[in-house]
Amino acid sequence: MVDLIIAGGHAVIGDEVVQADIAVDAGRIVAVGALTGLPGARKVIDAEGLHVLPGAIDCHVHFRDPGSTYKENWRTGSSAAAAGGVTTVMDMPNTDPPTANPEALARKRERAAALSLVDWGLYGVLDSSSLPHLEALAGEGIAGFKCFMTENTGDLESPDDGVVYEGLERLARLGVRCSVHAENAAIMQHRRRQFIEAGRTDARAHEESRPEVCEIEAIGRVTALAQAARASVHIAHVSSAGGVQAIRHALAQGVDMTAETCPHYLLFGLPEIDSLSGMVRVNPPIRGGAHADALWAALLDGTIGMIATDHAPHTEEEKRNPDIWQCCRGMIGLETQMPVMLTESQRGRMSLPEYVRWSALAPARAWGLYPRKGHIGVGADADFAIVDMDGAYRIDQSALHSLNRISPWHGRFVTARPVHTLVRGNVVMWDRRVVGEPGWGRGIAPDWGRRSHG
């Protein structure tokens, strides 16, 4: 007798979609096969007509907790994750206080442990304030580090190359991967000053102030430093065709580099900048057109290994300021990523196994969570998004679960959606209602020796 059987669903297992029953006991998958060959169960979920996917792992979220909980907190952010089929999140360190030492890590861990419905990992910041604490943070089970090469919400330091290089050398010895916001701050700041002096406050001024070369140069610099330090790095939110080429160059040089992009870079462009204005102000900026085409191609050929959301909530007032320079940077995306991307799968942009590789398998491998997470297989955590591939609807921001719900995806027609979400065998969303209990989520324990290119 096992705890649970998910019966009759079409499961994405490896490179195939197969009809299979899945047995779960004590939070882990114990068998995959025909129901007649599986043990009896205390509970059965009928998944006939539905698809069973590994729960998504979002390696880039900002839950603003502690410090800016008027924007988001661990309960609301993790509820959005559960509603979006996301079963593990990795939270960025630009909170107040920033996650730069063991004391700040303990404070954030306490918040996450008390409030999160889904499993979670925490980043430490890489800057001059954290250098004395890198080994201690790693010893406390940090999920990874984040280096901001340019401005950020929270106004954390953008460290100089000397700090970055020393940090990467030390993280290399520890075996911990470092995520990098790769943009050239000097170019951006110079351009922005020029635009402000010229009286530009329109939405396109933000995009024009951060040209593609900002990303190309910064990725090139990260490549050189990581290669010299023999470090493992991850490029966050890749936005440009030139950025893709820079990553291809790094991989050809043998650098241990993984990369992510986000749905808004794949599916928005200048028309959305014009129509939605500050709602789509984000760093790096949305570019669209040939850049989006290059990002799709990079996902399909493996240059970019994964999808993340850069979920970054702000209040409606903060996002609707008509002066683009006064409009906060970032947008929510946890709850909409899966419906939006599955809709693209139905349109033929990618197969379901490819989507699962980008949303679950690659992040699990890159961040040391595989084989415990990221796939459907015996021994893995029973983290599932059970989705209706015929669940057409229009996204309504008023129905979202983030504390601040203003979303550029509002009104978008999608043709698929998660209907049930399970974290370690426990239902946290049922029939599109979030039912999980705060505190069910556990901190992840990365096995850095298992990391591999996503």
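The model is a predicted one.

**Entry 1: the sheet**

I looked up the strand order. The open sheet has eight strands, running β6-β7-β8-β9-β10-β11-β12-β13, and the pairing is parallel. I then checked the edges. β6 (56-61) and β13 (306-307) each have a single partner strand, so one side of each lacks a neighbour in the sheet.

I took one pair in detail. β11 (residues 232-235) and β12 (residues 256-261) are joined by four bridges in the parallel sense. Serine 232 sits opposite aspartate 256 of β12.

**Entry 2: helix α1**

Is helix α1 enclosed or open? Nine of the 10 residues in α1 (residues 74-83) are buried, so the rest of the structure largely encloses the helix. I listed the buried ones, among them Trp74, Gly77 and Ala83.

I also looked up their packing partners. The buried residues of α1 pack against strands β7 (86-91), β8 (119-125), β17 (417-423), β18 (426-430) and β19 (433-434), and against helix α2 (102-115).

Then I checked both ends. Asparagine 73 caps the N-terminal end of α1, with a side-chain oxygen 2.9 Å from the backbone nitrogen of arginine 75. Glycine 85 follows α1 and has a positive phi, near 75°.

**Entry 3: aromatic pairs**

How many aromatic pairs does the whole structure hold? The search gave five. I noted two of them.

In one, the ring centres of phenylalanine 63 and tryptophan 74 are 4.9 Å apart and the planes meet at 85°, so I logged the pair as edge-to-face. Phenylalanine 63 is in the loop between β6 and α1, and tryptophan 74 is in α1, so the pair ties together parts 11 residues apart in sequence. Phenylalanine 63 is buried, at 0% relative accessible area. Tryptophan 74 is buried too, at 0%.

Tyrosine 123 and tryptophan 367 also pair edge-to-face, at 5.5 Å between centres and 85° between planes. This pair links distant parts of the chain: tyrosine 123 is in β8, and tryptophan 367 is in the loop between α14 (352-366) and β14 (384-388), 244 residues apart. Tyrosine 123 is buried at 0%, and tryptophan 367 is buried at 1%.

I also found a cluster made of Phe63, Trp74 and Trp120.

**Entry 4: charges over rings**

I looked for charged side chains over ring faces. Lysine 43 lies over the face of tryptophan 430, 5.7 Å from the ring centre. Arginine 365 lies over the face of tyrosine 370, at 5.0 Å from the ring centre.

Definitions and conventions: Residues numbered from 1 in each chain as written. Predicted model: local features only at pLDDT ≥ 70, side-chain atom pairs only at ≥ 80, totals over all residues. Heavy atoms only, no water. Pairing = 2+ DSSP bridges. Helix = DSSP H or I, 4+ residues; strand = E, 2+ residues; numbered from the N terminus. Buried < 20%, exposed > 50% of the residue type's maximum accessible area, 1.4 Å probe, protein only. Contact = heavy atoms within 4.5 Å. Polar contact = N/O pair within 3.5 Å; in protein donor to acceptor, adjacent residues only side chain to side chain. Phe/Tyr/Trp six-rings, centres within 6.5 Å; stacked < 30°, edge-to-face > 60°. Lys NZ or Arg CZ within 6 Å of the ring centre and 35° of its normal.
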